[in-house]
Amino acid sequence: MIPRISVTALVVASLVVLGTGCASKKYARTQINGRVAPLEQRTGELEETSRRNSQDIGRLDQSIQDVRGRADRAQSQADSALAKAEQANSRAGSAEQSVNDLRSNLDKYNLQSTVTVNFHFDSYALTPEATAQLDQLASQLRGRSDYILEIEGFADYVGSVAYNNQLTEKRAEAVRRYLAEQYSIPVFRTHDLGFGKSRPVADNASRAGRAQNRRVEVRLLMRGAGGGSSTAQTSTGSK
C-alpha cells in the first residue's frame with residue numbers, strides 16, 4: 001500500500017506541473033497578442049494610406065486629363081486664330097492691290113456727281129429719304145465697272161472730337177453697307193472715312209445748320225467721264 005504522504009506529494013507535484021503549463025501558454029498568448037496587435041494596426045494604416053494614395057492618383061489623373069483638354073482647346077483656338085490671320089492677310093493683300101490699281105489709274109477718274117444724305121442727331125441710321133437718294137445713285141451704276149465711290153461722313157459740333165470721329169465713321173459705313181447689301185456694289189469700289197465735326201457746310205449755331213452738317217457725302221468718280229459734276233441732297237431735319 002502506497003503511503004498517504006506519497007500520494008499527496010504526487011498530487012501536489014501534478015498540480016504544480018499543470019499550473020506551470022497553463023502559465024506558459026497564457027504567457028505565450030500574451031506575447032503573441034502583444035506582437036500581432038501592432039502589426040494588425042500597422043497593416044490597417046498601410047491599407048488606409050494605400051486607399052488615399054489611390055484616390056490622390058485618381059484625382060491627379062483627372063487633373064492631367066483636364067489640363068490636356070484645356071491645352072487641346074487652346075491649341076485649336078490658336079490654330080483657328082492663325083487661319084483667320086492668314087485670311088485677313090490675304091484679304092489685306094487683295095485690298096492693297098486694288099488700291100494700288102486705283103492709284104495707278106486715279107488720273108483717269110473724274111468727279112461725275114455728289115450725293116449728300118443727312119442724319120438725325122446722334123444717329124447713324126439711314127432714313128427713308130436717305131435710302132431713296134442712294135437708290136437713285138445706285139440706279140446709275142447698273143452694269144458699269146468704270147467708277148469708284150468716295151464716302152465721307154461728317155457731324156455737327158455737339159460732342160467730343162473722338163466721339164464724333166467714331167459717329168461719322170459709322171455713318172459712312174452705313175451708306176457703304178447699304179449700297180453693298182442692296183445693290184451688290186463691290187466693296188473695293190467704295191472707300192469710306194469719317195471726318196468728325198470738321199468741314200461744316202453750315203453754321204453750327206443754328207438748328208438748321210447743325211442738321212445740314214450731320215451728313216454723308218458720296219462722290220461718284222467715273223473713268224473718262226467729263227469734268228462737270230452735279231450735286232444732290234436730301235435733308236431729314238433735326239430731333
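A charge sits over a ring if NZ of Lys or CZ of Arg is within 6 Å of the ring centre and within 35 degrees of the ring normal. By that rule, the charged end of Arg199 sits over the ring of Phe195, 4.1 Å from its centre. The model is predicted: local features need pLDDT of at least 70, side-chain atom pairs count only at pLDDT 80 or more, and totals for chains, interfaces and linings use all residues. Residues are numbered from 1 along each chain as its sequence is written, and side-chain values use heavy atoms, with hydrogens and water left out.

**Rings and charges**
- Two aromatic pairs are found; rings of Phe, Tyr and Trp (its six-membered ring) pair if their centres lie within 6.5 Å, with planes under 30 degrees apart counted as stacked, over 60 as edge-to-face and the rest as tilted.
- Phe154 and Phe195 are stacked, at 5.5 Å centre to centre and 15° between the planes.
- Phe154 belongs to strand 2 and Phe195 to the loop between strand 3 and helix 4 (207–213), so this pair ties together parts 41 residues apart in sequence.
- Arg215 lies over the face of Phe154, 3.9 Å from the ring centre.
- Phe154 is buried, at 1% relative accessible area; buried means under 20%, exposed over 50%, partly exposed in between (1.4 Å probe, protein chains only).
- Tyr178 and Tyr183 pair edge-to-face, at 6.3 Å centre to centre and 65° between the planes.
- Tyr178 counts as buried at 16% relative accessibility, while Tyr183 is partly exposed at 29%.

**Helix 3**
- Helix 3 covers residues 161–183; helices (H or I, at least four residues) and strands (E, at least two) are DSSP runs, numbered from the N terminus.
- Its 23 residues reach 33 Å from first C-alpha to last, close to the 33 Å expected (1.5 Å times one less than the number of residues).
- Its buried residues include Leu167, Val175, Tyr178 and Leu179.
- These buried residues pack against strand 1 (109–118), helix 2 (128–139), strand 2 (147–154), strand 3 (190–194) and strand 4 (215–223), where contact means heavy atoms within 4.5 Å.
- Ser184 follows helix 3, with a positive phi near 55°.

**Helix 2**
- Its buried residues are Ala130, Thr131, Gln133, Leu134, Leu137 and Ala138.
- They fall within an arc of 160° seen down the axis, so they line one face of helix 2; the arc is that of the directions from the helix axis to the C-beta atoms.

**Nonpolar core**
- The largest nonpolar core has 20 residues; such a core is a set of buried Ala, Val, Leu, Ile, Met, Phe, Trp, Tyr and Cys residues joined through side-chain atoms within 4.5 Å.
- Strand 1, helix 2, strand 2, helix 3 and strand 4 each supply at least two of its residues.
- Val117, Leu149, Val175, Leu179 and Val218 have the most contacts inside this core.
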